[in-house]
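My notes follow the order in which I checked them.

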Amino acid sequence: MDEAEFVQLLESLLQPDTERVKAATSTLNNNYYTSPAALTALLHILTSHPKSELRQLAAVEARKLVTKHWSSLPAEQKNTLRNQLFQSSLNDDVTLVRHSAARVVSAIASIDFEDGEWADLPGYLQQAATSQTARHREVAVYMLFTLLESVGETFPANMADLYKLFNITIQDPESAEVRVNTMLALSRMAMLIDPEEDPKSLRAFQDTVPKLVAVLKSTVEEGDEDHALQAFEVFQTLLGCEAALLQKHFGDLVKFMIELAASTSIEDDYRSQALAFLMQCVRYRKLKVQGLRIGEELTVKALQIVTELGDLSSDEDDITPARSALGLLDILASSLPPSQVVVPLLKAIGPFVTSQNPDYRRAGILALGMCVEGAPDFIATQMGEILPMVLHLLEDPEIKVRAAALNGVARLADDLAEDMGKEHARLIPALIKNFDIAVNSSQGPDDERSLEIIRGSCNAIDSLIEGLESEDAARYVPELVPRFSSLFQHTDFKSKVAAVGAVGSIAAAAEGSFLPYFEQTMHALAPYVTIKESQDDLDLRGVVCDSMGKMAQAVGAVPFQQYVRPLMEASEEALHLDHPRLRETSYILWSTMAKVYEEEFSPYLAGAVKGLQDCLEQDETDLEVQLGEEAKDLLGSEVIVQGRKTKVAAATDDDDDDNIDIEDIGDEEDWDDIGAVTAVAMEKEIAVEVIGDIITHTRRHFLPFLENIVKGILSLVDHSYEGVRKAALGTLWRTYACLWGLAEGQGMEKWKPGIPLQVEPTGDLTKLGNLVMTATMNVWQDEMDRGTVTDINRDLAATLKLCGPAVLFTEDGIAVPQIAQQLLSIITKHHPCQQDLGDEVDEDILEESSEYDWLVIETAMEVVTCLSVALGPSFAELWKLFEKPVLKYASSQESTERSAAVGTIAECIGNMGGACTPYTTGLLKLLMHRLTDEDPETKSNAVYGLGLLCEKSENDQEILKSYPSIFQKLEPLLDDQGQARLLDNTAGCVSRMISKHPNNIPIEEVLPRLVELLPLREDYEENKPIFKMIVQLYQANNGAVRQLTPSLMPVFEKVLGPPEEQLEDETRAQLVELVKYLQKQAQ
């Protein structure tokens, strides 16, 4: 081998000449790297060359060749090379070279250990790690880290000895490098510990945790940025390991990070890192955080940090403590119960929003906005206090406070559309006022302060208007559309986008009332449908297409017809403009067109299906990244590579490769560890949801494409991104429901409740049902994402209610036992999505739930209810399993939990029918108790359930014995005229009692009070038992009802009129007959 040429070629790789680098790389790969001599030459350069850059490069290249050539070297030569490499690694002057050489040592040792060679290396490392020379200690510990990283459990050393060693090196008195390298090594050991199998190692590791904290603290205090960031990274890594490792010191660790985050005397980067750690704690250890009851402290400290926000117009990508604190508040609100986050926040922001300091006023409203999404139900109950505060801040003298208030309105409206919509008469004028002041006082295109208000006003109205009834929204169209349309040509891109989005939402809310502005708006926006010269153009094009879709839904099929073809053509072109967001916009537009035109969308189906199928088939793993000298500036930033957002960063500080290709990266499992959601994955999520919309609305026209599409979607149900899993299962269930509807339309008999099946579905339905149920069960039982579990619950409940029990049968038999097992695990809070990462259930801290955690349980109860719908009397056997856990919630301290549980019990009684009889005593006792519940909703559900129990149970003795007590408890409810549903359910309950046992009730006393409650105001379902009872009494020629005929005739007239949904067809027919009979009698 020509060693001189070899060195020259390596030196060429260091030159800033792309062509020269390419030529040298090719020559090395083809002429040298195929020979074992290249490895020995590289190791010689690494251990002896005077230039550190060349030694570093030799280390990088040698490491790549170790797996190819090390085993083929002669044993004697390998021994010499090992000694030279080990000594040079310890003594090199340059840290980066030492670290790169250490990784070469690890690569060689990985092979040697398997072959039973280099057995004395661990002993050499332990000696070097306790050397008098700091550099030797640094390198030795770093080598131990890289060895543990590469060989893991096969490392041929006693772990107890390593813990003993690391307990010394973690407290190295001279070198921060030794201490931090020890942290890195311990983080790798943590990954190897199984707490149950190896309690000694667990205790040994737990004992090191305070020392790890001490190292982090010292690096922060000394301003040692590189080492501090490595130390923070170690703690982030430990959160992904077994929970028991940090459990002993978890509370102290969290409190340390809180104090670090709140301290204004240290660098912002350190504070942001501490906040990032706290966010991960709440995400992955939320039960532990909840149990420590530190949610309030975290919330209040985060609120204080938000006051440091400074100039919001600074680079939005900058990570600052204040922005991180807002992120922490968001995660806290969605992960912990309202009592630990939102309640203390609302208490704390009072003095903030009335402060003389505008930074405090702004912090208060921004913090509230961040918490709405996590606890919308609770915040809705506080609107009486929140709204005046928001309105006051919308008139604040400081622009930045008003901007924050506009942001707050948008966030509140996003999650509380109905509640905020009710206040439109107070809110929209305040928003228009802000808009007008900003427009009139604007100093031109560079007046960012005014532009911030203009954009904020548009965004706030965009969110708020969709919560209004169409007749209310119509009032604002003449005021809003001309104002916002004037911004369509604005020079500020963000303002233009905000205005276009707002006009689309105004159209969607106002519906037909938007028609007078439709043509001129479409004309004004038309030029933007095909723009594509810049990234901003493509972004704007996407927003315009979204808005046009909303306008189509507003004005309807006929007025929009002329715009369909050009829009569809533009949307198909958009698929090829290399802009993920624009592709998503095209898919959403197709969904909208399918909803507007339904079966008339069929001419466009082939093109839409092809585009969507191409999206589903995109590869998310085919990555080739070439990083040369120029890429150094990208380190730490994010780049898009074939749709994947990837952070460019070296795994360690030795920048392993100048050239990275797919072989170096490894297999797909390595990518899973990144945990990044790719742009392609998010695009697939949208595409799958859109397929569901198109199938639902085009129905039979979609059938030719159905088989291939279903295959594609089935392949995505175990996708690594939860959004895709959720969308895939949702669309599969929608497809099943659509096919079921088509089959019924073609003559298949309507399903009947119970098992065995009384109505057999078609072969296609059976096949699809088997595929979808099997896929669902596979995901459901192990799913860690609570949102996905919630959606599975909803999908299953809706399908059971619509399609009955047929879907419960798979090729493996009936799925009811497995479904019941999953539902019980959720209702008892034992499901994987309800546990901390790698933790066991802790009963002591599971009483309260965040609103999202409760939603998982509430939707599981919906499945229980819908199982009872599908199974009918057959459900009585299953109720044995569900009775105890559901009744537990019926006695909860939380009104929402009581209400949901009592509602579930009531519905199950109704669906079981007479089969509920064995459970009469326990259910009667519970429902009677809940008649005096302080919560109107729970009370109303109890009244409803009690009526059903009296009607359905065949235990007449028990029921009749309780009639006097029931009437005694129902009577006070009649005085609460403010609770319409409660009164409606009371009327229904009494009607059922009369129908079941007319001879055991003083009808002449009860009936007049009942008639006073008619017509029903809210719960129209109760009209069925009420008018069934009244018809029965007339048929029995009951004197009491005949005397009330003059009072009843106006009631009959009202319920037979609009709205139509007051009566079911059968009840309407009975009532019409009764009215005819009474009119005839009156003649």
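I looked up Tyr-284 first. Its relative accessibility is 32%, so Tyr-284 counts as partly exposed. Tyr-284 sits in helix α15, residues 268-284. Together with Met-784 and Leu-837, Tyr-284 makes a nonpolar surface patch of about 240 Å² accessible area. I keep in mind that this is a predicted model.

Next I turned to charge. I placed Glu-197 in the loop between α10 (176-192) and α11 (199-221). Glu-197 has a relative accessible area of 67%, so I note Glu-197 as exposed.

Then I went through salt bridges. The structure holds 54. I picked Glu-174 with Arg-137, whose closest N and O atoms are 3.1 Å apart. Glu-174 is in the loop between α9 (159-169) and α10, Arg-137 in helix α8 (134-151), 37 residues apart. Glu-174 is exposed at 56%, whereas Arg-137 is buried at 8%.

I also checked Glu-848 and Arg-293, which meet in a salt bridge at 3.9 Å, N to O. Each lies in a loop, Glu-848 between α42 and α43 and Arg-293 between α16 and α17, so the pair ties together parts 555 residues apart in sequence.

Last, I looked at helix α46, residues 920-930. Its buried residues include Leu-923, Leu-924, Met-928 and Arg-930. The buried residues of α46 pack against α44, α45, α47 and α48.

Conventions:
Residues numbered from 1 in each chain as written. Predicted model: local features only at pLDDT ≥ 70, side-chain atom pairs only at ≥ 80, totals over all residues. Heavy atoms only, no water. Buried < 20%, exposed > 50% of the residue type's maximum accessible area, 1.4 Å probe, protein only. Helix = DSSP H or I, 4+ residues; strand = E, 2+ residues; numbered from the N terminus. Contact = heavy atoms within 4.5 Å. Patch = residues over 30% accessible without salt bridge, like charges linked within 9 Å, V, L, I, M, F, W, Y side chains within 5 Å. Areas by Shrake-Rupley, 256 points an atom, 1.4 Å probe, with all protein chains shown as cover. Salt bridge = Lys/Arg side-chain N within 4 Å of Asp/Glu carboxyl O.
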